[in-house]
Amino acid sequence: MLKLNYIKNILKVTSIFFIFLQVSCVQNKKRENIIVASAGKIESLDPAQANTLRSLQILSALGDTLYKINNEGNISPSLAKDLPKVSKNGLQIDIPLKENISFHDGTIFNAEAMAFSLNRFLKIGTLNYLLNEKIKDIEVKDEFLIRIKLKKPSSSLRSLLTSVNLTPVSPYSYSNYKDSFNNKNFIGTGPYFLESFNSSQQILKPFNNYWGRKALNKGVDFINYTNSSTLFGAIKTKEVDVLISNSIDDMQRVSLNNMVNKDQLKSGEGDPIEIGYITFKSNKLPLANKTIREALSYTIDRELISKQVSFGTREPLRSIVPPHLHKEEFSPWPIYNPNIARSLLKKEGYCEKDILSFPLTFRSNIPADKLLALTWRDQIKRDLSDCIQITLNGIESTTVYKQLSEGAFEAVILDWTGAYPDPNAYLTPLLSCNEIKDNTCLKGEAVFSGSFWGNNKVQDILEESEFLEGESRLKSLMKAEQHAAEGRAYLPIWLVKPKAWSLNDISQPEFSKDGLIILKNLKRD
Amino acid sequence: MLWIISSLVFILLRIAPGDPVDAILGTRANEIARASLRNRLGLDKPLINQYLEYLNQLIHGNLGISLSTEEPVKVIIAKALPASLELAIFSILIASLLGYLIGFLGAVKPEGRIDFWGRIFGIGTYALPPFWAAMLIQIIFAVLLGWLPIGGRLPPGVMPPNPVTGFLLLDSVLNKNIEIIFSSIKHLILPSFTLGILLSGIFSRSLRLNLEEILKKDYIQAAKSRGINDSRILFKHALPNTLLPVLTITGLTVSSLIGGALLIEITYSWPGIALGLQEAINQRDYPVVQGIVVVISSIVVMISIGIDIAIAYIDPRVSY
């Protein structure tokens, strides 16, 4: 009897404690700011260094770019007053700038500020390889006119000017950071200013003197959780208002989509900008043999993989450029056909007595990669067990990136997101090569991508395309991709759409063409 | 000991594949940018010079500057360590209360119902994979029941109080901020209970085994035959003698908790030192990894010395 009373008392005290905790909730208060959650810590808010989706997402709200990509896929002026004027020889680009725009520190945005930001990026920018080969000099022609002098004509430069990494920063506030990163602060011209920053939470408040359409909300709190389950739980329990899809496991994406179907959440998605692919090292046998690479390109059942790995949330892909960037359907890689694969392998002496054996490396910290590797291996076991044998090799991603250009991997699963929405942002980083010998790239981007595949025709087309505009340029880039497909050094697998989910009292998330949420359009109903 | 550990970490990090320059600039950065950053970070110097400089700085209490955030390592540790210590202290409290209670009750009535379930509990918690248990507890109490927050140290959007000690709970008390006091307690409950429950199995089993063994000793039988009542025998004669192994186990657990609660910190997005270490390893941020390992090692050494001193104080047979 005494024991029972003790237990009852303990239960009472515990209940009172829990009720007290529940009543004391901070969360019950009506939130003013919109809380946006994603995975990953922000190490730097400097546009010259930022390279994660999360930091680019914040920078897109804190700053503006010279141009933006409009719904038709063309560039339209943002901080620029008009479209760029290209000289007849294609070596000079004049960009007129809008007036009466101020930075968050109150200083004026002008050509000096733009030149300062571009020069700073050229000097220390993480992605400066994109510009260094193109830009010769930057001149301030007038207070609101900037001239970019090029080393050679470059039609892709205009798309590049939409990159968040080229967001202008205030020369006054960055005077001590001309050649070093300013990781914890950002002074730009965007619709929000940075109120506070730490690596796990960033608070953005609307900038009252913003020159454009103002934010529809009272501010955005960006928070990060370390894993997919916590992010999923956070929106389910309404701890956060908006959830960004990066690092959400596919199974949880499906659950979130189901909640959207039941009207428990809203969702929005952008144009796909991330591709998943396999790189084959093309300078060492057996994969140096083009016929074998060709055979492998017939072995992958993308529909099955999409279903098994991502429950259909990742679209099967047969090109290395997201198809919408070509503005027409273009899938040069072949569809799954194990019979053709078998006959090609037989031609090379496999299937009858020899089995083609090669290691497939995947990034062990990325669940989708591991599932893709397992599914492909099992699918090959099912269809071509007498011809091909794949051994799996999981390596942490930092090590994979480091060893890629050293030629450590015969076949490796990777992904790529273009720095700006243009076919060139996919083709150049995978295909461009500065020195080719016997179809092997010795120096250039193809080395960094781990394929070592070099093709003079592709290089010529890529260079020619810089002289072209509009449709003829796109056609030319499609030709380059066609050659890449015939070279079979890459095997595109899937396409990932950026997606976000929001609570029902928040407006549907909208995406810009570069795959980032337009934060200023989020509003609480 | 600390010199050996810090030297080993220095060497192992340099042997490990991966490069901080790649982590900062990306693998596609041009050679000029890479060389300039390498020079700025001092990574272009011969390894022996880097090592000697590192030791020299370490002796002077300077742990260096993070390669990726350019923040002093001391500051990074000062932010993360209190979070880990806070979690460790509460977890140990829960583990001790629960574990020792179960172990004690089991040893007092061996083979009884409490003992049986206590042993099942001990083995169960010992065998449970921490990440699985943490996720399960998170799903039940945070997602399904919604009683407690899902992760982090504070609700999203709430700014922490002005840091005085770095311990959130203590700082919110010092700042007299009732809202944050309760919020931080709520956020602490799930991770500390998870860790506490997982550790309580070790505690209960160690106490039960030691106490059971001691209760069989001749001097206990002699005490019983002299007519001394059971509770006096238990508390006066048996328990103090089980204290030594139990104290050692508790001390070692505290040491391992500070650096070893990684899976709990990841599951609950707890910004502790283990999570910081994992991120720094991924970034190949040499100074941060070295700094954290040195600090954790120092804490482990200090706790071990503390336990040895405590044992010498408690047990007159032990002398140094």
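The disulfide between A:Cys433 and A:Cys441 is right-handed, with 100° about its S-S bond, in what is a predicted model. Its sulfur atoms lie 2.1 Å apart, inside the cut-off for a disulfide, a pair of cysteine sulfur atoms within 2.5 Å. Both A:Cys433 and A:Cys441 are buried, where buried stands for under 20% relative accessible area, exposed for over 50%, and partly exposed for values in between (1.4 Å probe, protein chains only).

Over all chains, the structure holds two disulfides. The other link joins A:Cys351 to A:Cys387, at an S to S distance of 1.9 Å. Its torsion about the S-S bond is about 120°, so this disulfide is right-handed. A:Cys351 sits in the loop between helix H10 (338–347) and strand S15 (356–363) of chain A, and A:Cys387 in the loop between helix H11 (367–384) and strand S16 (388–395), so the pair ties together parts that are 36 residues apart in sequence. Helices (H or I, at least four residues) and strands (E, at least two) are DSSP runs, numbered from the N terminus. A:Cys351 and A:Cys387 are both buried. With the bonded cysteines of chain A numbered in sequence order, the pairing reads 1-2, 3-4.

On the surface, a patch of negative charge brings together A:Glu99, A:Glu112, A:Asp142 and A:Glu143. Patch members have over 30% relative accessible area and no salt bridge, and like charges are joined within 9 Å; a salt bridge places a side-chain nitrogen of Lys or Arg within 4 Å of a carboxyl oxygen of Asp or Glu. A:Glu143 belongs to the loop between strand S6 (135–142) and strand S7 (145–150) of chain A, and is partly exposed, with a relative accessible area of 44%.

A:Phe511, by contrast, is buried, at a relative accessible area of 15%. This residue is found in the segment after strand S21 (499–502) of chain A. From A:Phe511 to A:Pro334, the separation is 177 residues in sequence and 31 Å in space, C-alpha to C-alpha.

Turning to chain B, the secondary structure comes to 14 helices and zero strands. The C-alpha atoms of chain B fill a box of roughly 85 × 50 × 40 Å along the principal axes. Of the 320 residues in chain B, 48% are buried.

Residues are numbered from 1 along each chain as its sequence is written, and chains are lettered from A and ligands numbered from 1 in the order in which they are written. Local features need pLDDT of at least 70 and side-chain atom pairs count only at pLDDT 80 or more, while totals for chains, interfaces and linings use all residues; side-chain values use heavy atoms, with hydrogens and water left out.

Notes:
Patch = residues over 30% accessible without salt bridge, like charges linked within 9 Å, V, L, I, M, F, W, Y side chains within 5 Å. Areas by Shrake-Rupley, 256 points an atom, 1.4 Å probe, with all protein chains shown as cover. Lys, Arg positive; Asp, Glu negative; His and termini not counted. Charge placed at Lys NZ, Arg CZ, Asp CG, Glu CD.
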